Amino acid sequence: RMLAKADPAHDRDVAAGVEAAPDRDDEALGRVEPTTELLFPADWADPRTDKFSMAFSRAAFDGWARQPSPCCAAASVAGACNAVLGLCASSEDALSYVHIAALLHGLLADQAAKKRAAVERLLGGVRVEPAIEALRAQLAAEQRSLGGRKEAGCKPKEALSKLRKLVAAWQAAATLASPPGADVALHPPL
């Protein structure tokens, strides 16, 4: 990811606790080029600077993938792949953040499916999806989400606590609705 020079206004905002806008590339700036202003430190001509050296890769600049949203992981991998493959970002064959985000989404979806299957096996075949959907609905009512950014996202420990309370409530309702001594099937109330 191409970084701009230090921004004193941004540094003041950070020091004052002002939250910065989400990390994204500014469309108005266009493609970044390896100019002296970008590459050299602000004080590079200072007579007190004893030594300074620099190298840059034209392939890295040419392969740089734009980041239109907080998707730096995907954009940086796309840019690195483009650089290694010698592809210019404007090339038809170049990778973008969309390609890498789709790969990451697929990998994470596979991992989630494997974990869900393992939990369901441990529970003796009980499907966990109804509980997850009920948790999502509860969070949506609170204008929150399972995962996500900052205060709107439910952190893992909190999600587990909410899920335990939800399942306990279901279990209590199922126990009350079942005859004494009967096996209690854990399902969401209808």
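Glutamine 143 is placed in the loop between helix 6 and strand 1, where helices (H or I, at least four residues) and strands (E, at least two) are DSSP runs numbered from the N terminus. This is a predicted model, in which local features need pLDDT of at least 70 and side-chain atom pairs count only at pLDDT 80 or more, while totals for chains, interfaces and linings use all residues. Residues are numbered from 1 along each chain as its sequence is written, and side-chain values use heavy atoms, with hydrogens and water left out.

**Overall make-up**

- The secondary structure of the chain comes to seven helices and two strands, and their pattern, read along the sequence, is α-α-α-α-α-α-β-β-α.
- Of the 190 residues of the chain, 17% count as buried, where buried means under 20% relative accessible area, exposed means over 50%, and partly exposed lies in between (1.4 Å probe, protein chains only).
- The accessible surface of the chain comes to about 13800 Å², and 61% of this belongs to carbon and sulfur atoms; such areas come from the Shrake-Rupley method with a 1.4 Å probe, and for residues only the protein chains shown count as cover.
- Among contacts in the chain with a separation of 6 or more, 48% are accounted for by residues 24 or more positions apart, a contact meaning heavy atoms within 4.5 Å.

- Because glutamate 158 lies in helix 7 (residues 156-177) and arginine 144 in the loop between helix 6 and strand 1 (145-146), the pair ties together parts that are 14 residues apart in sequence.
- Glutamate 142 is partly exposed at 36% relative accessibility, and glutamate 158 is likewise partly exposed, at 30%.
- A network of salt bridges links Glu142, Arg144, Glu158 and Lys162, and the structure holds six salt bridges.

- Aspartate 62 forms a salt bridge with arginine 58, with the closest N and O atoms 3.2 Å apart.
- The two residues are four apart in helix 3 (residues 58-63), so about one helical turn separates aspartate 62 from arginine 58.
- An α-helix has 3.6 residues a turn, so residues three or four places apart point the same way.
- Aspartate 62 is partly exposed at 26% relative accessibility, and arginine 58 is partly exposed with a relative accessible area of 39%.

- The 26 residues of helix 5 should span 38 Å at 1.5 Å a residue, which agrees with end C-alpha atoms that are 37 Å apart; the expected span is 1.5 Å times one less than the number of residues.
- Just after helix 5, glycine 124 takes a positive phi of about 75°.
- Valine 126 is placed in the loop between helix 5 (97-122) and helix 6 (129-141), and at 33% relative accessibility this valine counts as partly exposed.
- Val119, Leu123 and Val126 make a nonpolar surface patch of about 220 Å². Patches are made of residues with over 30% relative accessible area and no salt bridge, with like charges joined within 9 Å and nonpolar side chains (Val, Leu, Ile, Met, Phe, Trp, Tyr) within 5 Å.

Conventions: A salt bridge is a side-chain nitrogen of Lys or Arg within 4 Å of a carboxyl oxygen of Asp or Glu.
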